[in-house]
Amino acid sequence: MIFFFKITGFTRNAYGEKIALLSRKSAQKECYENYISNLLPGDIIPSKITHLENFGAFCDIGCGINALLPIDNISVSRIPHPDVRFEVGDDIKVIIKSFDENGRATLSHKELLGTWEENAENLHIGETVSGIIRSVESYGIFVELTPNLAGLAEYTPNVFE
């Protein structure tokens with residue numbers, strides 16, 4: 001993984017070799033002031049997945065500054081964990097949803113997966129399709145056909161047998 005640092009000076013180590021003095025905090029401050037603070041909700045930016053938790057994915061949005069991509073903003077379909085969509089190290093595009101009072105960004109990804117209509121236009125009545133069962137309810141079974149397109153199938157007892 002690549003990290004960013006600002007060179008703050010030079011010194012010599014115990015062997016007399018010249019070494020650079022580095023500051024990650026300074027690089028992050030400059031990135032925040034010159035880039036992240038200028039972002040607005042709705043902006044689409046590149047990011048890198050750095051960590052996955054049950055509640056969402058953390059994304060590096062610049063110089064190691066992380067922002068949260070909540071699990072409900074990953075796709076329209078309900079997913080059990082972000083690892084069904086992403087792996088640490090994945091480069092993805094995200095949308096800035098909001099900033100909190102401390103300047104931390106909240107992200108979204110699902111809007112970038114196409115609209116329901118765009119995803120559904122490739123499907124046809126009578127066609128047999130495969131999908132991932134995401135939820136079984138008494139009134140039906142939610143099936144994910146694409147990351148941004150879910151369908152509802154009739155309830156079938158013992159669907160997993």
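Me: How do strand E9 and E10 pair?
Reply: Strand E9 (residues 140–146) pairs with E10 in the antiparallel sense, over five bridges. Strands here are DSSP runs of at least two residues, numbered from the N terminus, and two of them pair if DSSP finds at least two bridges between them. This is a predicted model, where local features need pLDDT of at least 70 and side-chain atom pairs count only at pLDDT 80 or more, while totals for chains, interfaces and linings use all residues. Residues are numbered from 1 along each chain as its sequence is written, and side-chain values use heavy atoms, with hydrogens and water left out.

Me: Which residue in E10 stands opposite valine 143?
Reply: That's glycine 151.

Me: In what order do the strands of that open sheet come?
Reply: The order is E8-E9-E10, three strands with antiparallel pairing. Strand E8 (132–137) and strand E10 (149–153) are the edge strands, each pairing on one side only. On average, neighbouring strands of this sheet are turned by 25 degrees against each other, direction ignored; the axes behind that angle are lines fitted to C-alpha atoms, and angles run from 0 to 180 degrees between N-to-C directions.

Me: Now glutamate 144. Buried or exposed?
Reply: Glutamate 144, in strand E9, counts as buried because its relative accessibility is 5%. Buried means under 20% relative accessible area, exposed over 50%, and partly exposed in between (1.4 Å probe, protein chains only).

Me: What does its side chain make a polar contact with?
Reply: With the side chain of arginine 134, at 2.7 Å. A polar contact is a pair of N or O atoms within 3.5 Å; within protein, one must be able to donate a hydrogen and the other to accept it, and residues adjacent in sequence count only if both atoms are side-chain atoms.

Me: Switching topic: which residues have the most contacts inside the largest nonpolar core?
Reply: Ile49, Ile61, Leu69, Phe86, Ile92 and Leu107, in a core of 22 residues. Such a core is a set of buried Ala, Val, Leu, Ile, Met, Phe, Trp, Tyr and Cys residues joined through side-chain atoms within 4.5 Å.

Me: And what does phenylalanine 86 touch?
Reply: Not counting residues up to four places away in sequence, phenylalanine 86 touches Ile49, Leu52, Leu69, Ile74, Ile92 and His109. Contact means heavy atoms within 4.5 Å.

Me: Last one: where is histidine 81?
Reply: Histidine 81 is in the loop between strand E5 (66–70) and strand E6 (91–99). Its side chain has a polar contact of 3.3 Å with that of asparagine 54.

Terms used. Helix = DSSP H or I, 4+ residues; strand = E, 2+ residues; numbered from the N terminus.
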